[in-house]
Amino acid sequence: MASKDSAVGPGKVAVVTGAGSGMGRSIALAFAARGASVCVVDIERDAAQSTVDEIVSLGGHGAAYAVDVSDFEAVKAAADAVYAAHGRVDVLCNNAGVTMRPFRAIWDGDISDFRWMMEINYFGIVHGVLAFVPRMRAQSGHRHIINTSSFSSLDEVPGHGMYSASKGAVDAFSEVLRAEFKDHGEDIGVTILYPGYVPTRIGSSERLRKADERSDARDVKAYAYPLERKAHNAPISAETVGAMVVEPIARTLPYCLPHPAPVDRPTARARNWERGHLDTQPAAATHAEAEGA
């Protein structure tokens, strides 16, 4: 059921990470178009400011924050600055994320690859929640959190295991967070955003790594993954995603899927879960055994 008090609209404040380009920029613009003041967060200051300039040119309100979401202290400092400026946050969109090219088998990944992926894709969301949610809980009215996952956590993508694992962690974290808000009777929604193929700058995100850790500086064995003809592999423009995100917030939906839902894969997994349950309980003891005969 939709909340009577929408978290997006005039007088509301939205924080969007990874908003200097791509989906984050689209989401920030969509929030601004509905009257919210948008705090545009990105590791690249110029990119964040570019989004803010676009928001302002369209008559909206925004401010840029240069933040590395893998740095908890930096995220906390940004939260302090946002609350000092606005006194509230109605929507927290943890969208910043990275990936690596080329795809590689799990055993061909370097430990630094795994850590970098988790530090941003998963801990970036943890940092956002820990920095903002305690003060969001003290507010009144409907508040909302959007955490960006990926279709790769819903379907198998060989060669993309590190990324898929980081997004799987986002899923579990978000589901439990939603349940905990419900247990405490708090009007805070949690929506998981599952984008499929959305062409953005994320494919070049290794530009943000240390030079000697980038894949192009190492002899990385590429995984030859044949791109299957699945609905979520059909590209959609990042420009369209922002409007898609607003609707689940207004209706307090738990998920937002810009591509058609991959129903076959979860259904097959559920059948295999049932097959995997083995009844190992011992047979009931006979009366004689129970009496110690």
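The second largest pocket is lined by Val129, Leu130, Val133, Pro134, Arg137, Phe173, Val176, Leu177, Glu180, Phe181, His184 and Glu186. This is a predicted model, in which local features need pLDDT of at least 70 and side-chain atom pairs count only at pLDDT 80 or more, while totals for chains, interfaces and linings use all residues. Residues are numbered from 1 along each chain as its sequence is written, and side-chain values use heavy atoms, with hydrogens and water left out.

**The pocket**

- A pocket is an open set of points on a 1 Å grid over the protein atoms alone, with protein on both sides within 12 Å along at least five of seven lines; lining residues have an atom within 4 Å of a point.
- The volume of the second largest pocket is about 200 Å³, where a volume is the space filled by probe spheres set on the points.
- H5 and H6 each supply at least two residues of its lining; helices are DSSP runs of H or I with at least four residues, strands are runs of E with at least two, and both are numbered from the N terminus.

**The nonpolar cores**

- A nonpolar core is a set of buried Ala, Val, Leu, Ile, Met, Phe, Trp, Tyr and Cys residues joined through side-chain atoms within 4.5 Å; buried means under 20% relative accessible area with a 1.4 Å probe, protein chains only.
- The largest such core has 37 residues, and Val15, Val82, Val89, Phe132, Met136, Ile145 and Phe181 have the most contacts inside it.
- Elements giving two or more residues to this core include strand S1 (13-17), helix H5 (123-137) and helix H6 (161-183).
- H5 gives the largest share, 7 residues.
- Valine 15 touches Cys39, Val41, Val82, Val89, Val91, Leu92, Cys93 and Phe132, leaving aside residues up to four places away in sequence; contact means heavy atoms within 4.5 Å.
- A second, separate core has 30 residues, among them Ala36, Leu193, Val198 and Val246.

**Strand S4**

- S4 (residues 91-94) is covered on both faces, with Val91 and Cys93 buried on one side and Leu92 and Asn94 buried on the other.
- S1 and S4 run parallel and are joined by 3 bridges; strands pair if DSSP finds at least two bridges between them.
- In the parallel pairing of S4 with S5 (residues 143-148) there are 4 bridges.
- Leucine 92 stands opposite isoleucine 145 in S5, and valine 15 stands opposite leucine 92.

**Helix H1**

- Of the 12 residues in H1, 11 are buried.
- Glycine 35 follows H1 and has a positive phi, near 100 degrees.

Terms used:
Buried < 20%, exposed > 50% of the residue type's maximum accessible area, 1.4 Å probe, protein only. 1 Å grid on protein atoms, 1.4 Å probe; cavity = no way out; pocket = protein on both sides within 12 Å on 5 of 7 lines; lining within 4 Å.
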